[in-house]
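Here's a quick briefing to read alongside the structure.

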Amino acid sequence: MTDQNASLSDVEPIHQGEQNFRGSLPEWMRQLPRIQFPPMDENFQLIDKKKLEHMLAESTPEVAQRIREDIDHLDRELLHLFRERDYQASYHQNRYRLYQVLYILLAAAASMVGAGMALALNSAPHIIPALAILEVLIAAGTTYLATVGSRPPPLATWLENRRRAEYLRREYFRYLSNLSPYDQQKGYLREMLLAKRAARINQGGDPGV
Amino acid sequence: MSTINRQELEVRYQIFDRFILKDQKLYYDKAIKRYRAAANQVNRFRAGSAALTAIAAGSAGVLVSSFFTGGQVCGVDAADPASYCDAARLGVGALVLLAMLLPAIGSIFSTLMELYQWDRLSDLYRSASENLVVADAMSPPEGTPDDEFLEYFREYAESALTVMNAETAQWGQSIREAEDLKKFITAQKARAQAYQQDMGESSSSRS
């Protein structure tokens, strides 16, 4: 079998995020969290429809029709669940990292203030009260962030949404490839099976058979 | 029970190959490159700030022993301090300040490394990418007879999905909060609570 798209080195994998985000910055800065997270892409697809049509153009109309019907059904029953889970995972990942980066900055500020106090003890004792106030502000800021940042807990919410999103993505291609258990059913029974399994995966449970 | 004919199976195989297997492999390979680049950049900053801290602390020590210790021109008991003593004092102060600030900056990059876990995730994705190559090797060869094509396709697709499933499970286990940050948050909460108690006690003693 030959791959229809031989060179993939210059293309991006399919994902909901912005392509080439912060492209001019060093890589580690490109991965820093955003302050304003963009809204969900309501039209996101797991398959590039243009490339798909190119593939289907080489098959018979009956085959192309059956595959289009499968994709339409996947769009109705599964894709909206995937989009939401994938977006929520990215949103909470960003939220988790944003809080962690703020904690990192506060921790660095706290150690600078602490070192400043040790240094000022002999050379400039008059600035000690100001540094002490800064220390209180850092403690208060950290407590505030820890309180507002824990509802809902970003790490657990990120991981759970990512797990379900990836499961839904695999299910999408399981159905489209007619793998087990979809190869055991036909027609509306096969479609119902997808709807049931997608709903269970989205719920976080075992889809069963 | 599959009633799909050979031609349809081939199209479905091509869709799977292009839109999940190749796409997932591309994702792993690009992520490895990006994570390695980020890890190298941050590691350089971390090493740089450690080296600069040592240089600043060492230079401050040399300046102090050269100009300020007993009997030297700028020492506290020097009868006639030289004109450059103020500049030397400023220099020592700046170097001491740098020796204090640079470790804090270095710790920002160390904790970033721990937060993003670029090294660990690169290893995980490299292994997953290699496993996908193994799954890809199970793809139906050219000229596979119709009755064997379905079995080849199933094995190939199930293997690829298993690799992705395993990678997601391992990825979930490898993500955890940085220990230093957890300790910092706990300590700061305790400190804020202590301040609050102090304030409460002083206001009640006043009333």
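Between chain B and chain A, the count is seven salt bridges. Keep in mind that this is a predicted model. One of those bridges brings together the side chains of Arg34(B) and Glu27(A), at 3.7 Å from N to O.

**Where the chains meet**

- On the chain B side, the elements that put two or more residues against chain A are helices H1 (6-68), H2 (85-116), H4 (146-174) and H5 (179-206).
- H1(B) supplies the largest share of that side, with 26 residues.
- Sorted by class, the side of chain B that touches chain A has 40 nonpolar, 12 polar and 16 charged residues.
- In total, 68 residues of chain B are in contact with 74 residues of chain A.
- The two chains bury about 6,500 Å² between them, and 68% of that is on carbon and sulfur atoms.
- There are also 14 residue pairs in polar contact across the interface of chain B and chain A, counting pairs with both residues at pLDDT 80 or more.

**Salt bridges within chain A**

- Over all chains, the whole structure has 28 salt bridges.
- Asp75(A) pairs up with Lys49(A), their closest N and O atoms being 3.5 Å apart. Asp75(A) sits in helix H3 (residues 61-123) and Lys49(A) in helix H2 (residues 49-56) of chain A, so this bridge ties together parts that are 26 residues apart in sequence.
- Both partners are partly exposed: Asp75(A) has a relative accessible area of 21%, and Lys49(A) has 33%.
- Glu160(A) and Arg163(A) form a salt bridge at 2.8 Å, N to O. They're about one helical turn apart because they are three residues apart in helix H5 (residues 154-176) of chain A.
- Glu160(A) is partly exposed at 27% relative accessibility, and Arg163(A) is partly exposed at 34%.
- Arg197(A) and Glu171(A) meet in a salt bridge at 2.5 Å, N to O. This one links distant parts of the chain, with Arg197(A) in helix H6 (residues 187-203) and Glu171(A) in helix H5 of chain A, 26 residues apart.
- Arg197(A) is buried at 7% relative accessibility, and Glu171(A) is buried at 1%.

**A network with members from both chains**

- Salt bridges with shared partners join Arg66(A), Asp70(A), Arg190(A), Glu8(B) and Arg12(B) into one network.

**A glycine in chain B**

- Gly91(B) is part of helix H2 of chain B, and at 22% relative accessibility Gly91(B) is partly exposed.
- Gly91(B) and Val64(B) are 27 residues apart in sequence, with 9.9 Å between their C-alpha atoms.

Definitions and conventions
Residues are numbered from 1 along each chain as its sequence is written. Chains are lettered from A and ligands numbered from 1 in the order in which they are written. This is a predicted model: local features need pLDDT of at least 70, side-chain atom pairs count only at pLDDT 80 or more; totals for chains, interfaces and linings use all residues. Side-chain values use heavy atoms; hydrogens and water are left out. Contact means heavy atoms within 4.5 Å. Buried area is the accessible area (1.4 Å probe) that two parts lose on being put together, summed over both. A salt bridge is a side-chain nitrogen of Lys or Arg within 4 Å of a carboxyl oxygen of Asp or Glu. A polar contact is a pair of N or O atoms within 3.5 Å; within protein, one must be able to donate a hydrogen and the other to accept it, and residues adjacent in sequence count only if both atoms are side-chain atoms. Helices (H or I, at least four residues) and strands (E, at least two) are DSSP runs, numbered from the N terminus. Ala, Val, Leu, Ile, Met, Phe, Trp, Tyr, Cys and Pro count as nonpolar, Asp, Glu, Lys and Arg as charged, and the others, Gly among them, as polar. Buried means under 20% relative accessible area, exposed over 50%, partly exposed in between (1.4 Å probe, protein chains only).
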